[in-house]
Amino acid sequence: MRIAILTDIHANREALEAVLADVALRGSDRIGILGDVVGYGPDPAWCTDRVRELVATGAFCIKGNHDSAISNTAEHLNVTALRAINWTRPLLSPDQTAFLAGLPMTHAEGDILFVHASANDPADWIYVSSESSAMPSFRVSQARVILVGHRHIPALYSCDMAGRVKAQKVAAGQPAPLIRSRRWLAVIGAVGQPRDGLAQAAYAMLDTDRNELTFRRVPYDVQKTVAKLRAAGLPESLAMRLNWGV
């Protein structure tokens with residue numbers, strides 16, 4: 001089975017459309033979305049409806065912290081993120097808000113666990129950004145493969161039979177073999193707000209038959225999204241992040 005894994009769409013219509021076009025071109029059996037459908041970007045209603053359509057046709061979607069913040073005002077967000085969420089809330093219909101609120105925190109299929117942030121405590125929104133921050137996910141979960149989003153920077157970690165966690169190189173477009181003598185945690189990267197210095201949408205393709213994970217990058221019309229952000233009066237820093245991919 002080939003599963004296209006998308007995460008951190010962040011209301012970026014142009015990036016989502018580009019990624020879905022690439023997925024259709026390459027072929028997948030299923031789509032999995034690891035949360036943060038909304039937040040930061042200028043098209044929250046459109047992206048929510050598109051994700052709902054995908055779920056209705058067999059995709060799965062889990063909840064991210066920005067999705068949670070739409071109905072849960074107690075969620076902690078930085079000043080810029082909170083400003084974007086406050087702008088987003090009145091643009092969503094009750095049905096759209098209910099859809100985001102009702103998303104599950106995790107999804108499991110066989111020996112694969114999907115979660116927005118750390119598997120260690122999915123509701124605490126912990127960033128997996130190093131070997132030490134990846135280790136708790138391996139300790140609390142028995143999954144052989146753990147796939148997460150949240151940090152917006154693609155990364156790959158392995159855990160050997162002795163429990164030692166090691167960062168692995170990520171090369172876009174090149175399949176990474178998930179050898180069965182180790183367990184694996186991958187941070188997929190962001191569709192709608194990449195932060196690794198490359199202003200292209202990120203997603204990954206998991207091939208469970210070949211036991212491979214391929215990180216992919218897709219160009220999209222960044223300037224169209226930036227123009228929408230500015231027209232909406234959202235913080236200029238969000239436009240700059242998209243321009244520079246940071």
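Trp 244 is exposed, with a relative accessible area of 57%; exposed means over 50%, buried under 20%, and partly exposed in between, with a 1.4 Å probe and protein chains only. Trp 244 belongs to helix α8, residues 236-244. Helices (H or I, at least four residues) and strands (E, at least two) are DSSP runs numbered from the N terminus. Together with Met 240 and Val 246, Trp 244 makes a nonpolar surface patch of about 310 Å². A patch takes residues with over 30% relative accessible area and no salt bridge, joining like charges within 9 Å and nonpolar side chains (Val, Leu, Ile, Met, Phe, Trp, Tyr) within 5 Å. A salt bridge is a side-chain nitrogen of Lys or Arg within 4 Å of a carboxyl oxygen of Asp or Glu. Areas come from the Shrake-Rupley method with a 1.4 Å probe, and for residues only the protein chains shown count as cover.

The model is predicted: local features need pLDDT of at least 70, side-chain atom pairs count only at pLDDT 80 or more, and totals for chains, interfaces and linings use all residues. Residues are numbered from 1 along each chain as its sequence is written, and side-chain values use heavy atoms, leaving out hydrogens and water.

Two open sheets are described next. Strands pair if DSSP finds at least two bridges between them.

| Strand order | Pairing | Strands |
|---|---|---|
| β4-β5-β6-β10-β7-β8 | mixed | 6 |

Axes are lines fitted to C-alpha atoms, for helices over the stretch in contact, and angles run from 0 to 180 degrees between N-to-C directions. β4 and β5 (residues 112-115) run antiparallel, joined by 4 bridges, and Ala 108 has Leu 113 in β5 as its bridge partner. Helix α6 (residues 131-140) lies across β6, β7, β8 and β10, at about 120 degrees to β8.

Leu 147 lies in strand β6 and counts as buried at 0% relative accessibility. Beyond its neighbours within four places in sequence, Leu 147 is in contact with residues including Ile 5, Leu 34 and Phe 114; contact means heavy atoms within 4.5 Å.

β2 (residues 30-33) pairs with β3 in the parallel sense over 2 bridges.
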